Amino acid sequence: MPSLALFGLLIPVPVLGGIGDRTAIIALTLYSLLPIIRNTYTGIVGVDPAITEAGRGMGMTDMQLLWQVEIPLALGVILAGVRVAAVIAIGLATIAAAIGAGGLGVFIFRGVATVNNQLLLAGAIPAALMALAADFGLGWVEARLSKSTLKTINED
């Protein structure tokens with residue numbers, strides 16, 4: 001669903017909607033859930049069945065398998081979903097200015113409306129830098145946690 005359409009659909013919804021920050025936060029949260037949930041599911045389903053079978057053979061319960069085996073092994077894929085969600089949320093937050101949520105999108109929209117490249121870049125460059133910083137930062141965390149998890153599993 002296009003982001004502006006979701007903002008538009010939420011505006012008339014009682015309690016959740018309206019013009020402003022609350023609607024933007026709800027829409028950004030809803031948009032962020034899809035890559036996180038999809039990657040979490042994909043990561044857990046992608047764990048080698050032999051590994052989970054070995055855990056069952058050791059007497060692990062389903063919850064123990066999930067938290068001690070499957071999630072640590074799927075952590076790289078899960079964090080990739082979080083990374084994608086963060087970058088998407090930063091980009092979509094600029095569009096939230098269209099429903100009165102403010103932010104860097106105000107500069108972008110005003111710059112487009114007045115054909116003022118400096119104003120447009122005043123919003124676009126910081127938004128792009130924030131998205132890149134989130135991507136690189138979460139990528140670094142993903143690499144560190146994945147290495148740490150693999151090291152711990154190999155030691156056991």
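A crossing of helices is called left-handed if the near helix is turned anticlockwise from the far one by less than a right angle, and right-handed if clockwise.

**Ground rules.** I am working on a predicted model, where local features need pLDDT of at least 70, side-chain atom pairs count only at pLDDT 80 or more, and totals for chains, interfaces and linings use all residues. Residues are numbered from 1 along each chain as its sequence is written, and side-chain values use heavy atoms, with hydrogens and water left out.

**α3 on α4.** I took helices as DSSP runs (H or I, at least four residues), numbered from the N terminus. Two packed helices are described by the angle between their axes and the distance between the axes. For α3 (residues 49–57) and α4, I noted an angle of about 145° and axes 10 Å apart. The axes here are lines fitted to C-alpha atoms over the stretch in contact, and the angle, on a scale from 0 to 180 degrees, is taken between N-to-C directions. The crossing of α3 and α4 is right-handed.

Which residues meet? From α3 I listed Ile51, Thr52, Gly55 and Arg56, and from α4 Asp62, Leu65, Val69, Glu70 and Leu73. That contact splits into 4 nonpolar, 2 polar and 3 charged residues. In this count Ala, Val, Leu, Ile, Met, Phe, Trp, Tyr, Cys and Pro are nonpolar, Asp, Glu, Lys and Arg are charged, and the others, Gly among them, are polar.

I looked up one residue from each side. Thr52, in α3, counts as buried because its relative accessibility is 15%; the cut-offs are under 20% relative accessible area for buried, over 50% for exposed, and partly exposed in between (1.4 Å probe, protein chains only). Leaving out residues up to four places away in sequence, Thr52 touches Val47, Leu65 and Glu70, a contact being heavy atoms within 4.5 Å. Leu73 sits in α4 and is partly exposed at 31%. I also noted that Leu73 and Ser146 are 73 residues apart in sequence, yet 8.1 Å apart C-alpha to C-alpha.

The buried residues I found in α1 are Ser3, Leu6, Phe7 and Leu10. They line one face of the helix, because seen down the axis of α1 they fall within an arc of 100°, taken from the directions from the axis to the C-beta atoms. They pack against α2 and α4 (62–95).

The largest nonpolar core has 11 residues, including Leu6, Phe7, Leu10, Ala27 and Tyr31. I used the term for a set of buried Ala, Val, Leu, Ile, Met, Phe, Trp, Tyr and Cys residues joined through side-chain atoms within 4.5 Å. Two or more residues come from each of α1 (3–10) and α2 (21–45), and α2 gives the most, with 4. Ala27 is in contact with Leu6, Phe7 and Leu10, its neighbours within four places in sequence aside.

**Ile95.** This one belongs to α4 and is partly exposed, with a relative accessible area of 25%. Setting aside residues up to four places away in sequence, Ile95 touches Ser3, Leu4, Phe7 and Phe109. Its C-alpha is 12 Å from that of Arg110, 15 residues apart along the chain.

**Val115.** Where does Val115 lie? I found Val115 in the loop between α5 (105–114) and α6. Its phi is near 50°, a positive value in a residue other than glycine. At 70% relative accessibility, Val115 counts as exposed.

**Gly123.** Is Gly123 buried or exposed? Gly123 is buried, at 0% relative accessibility. This glycine is part of α6 (residues 117–155). I logged Leu104, Phe107 and Ile108 as its contacts, residues up to four places away in sequence not counted. Thr94 is 29 residues from Gly123 in sequence and 8.2 Å in space, C-alpha to C-alpha.
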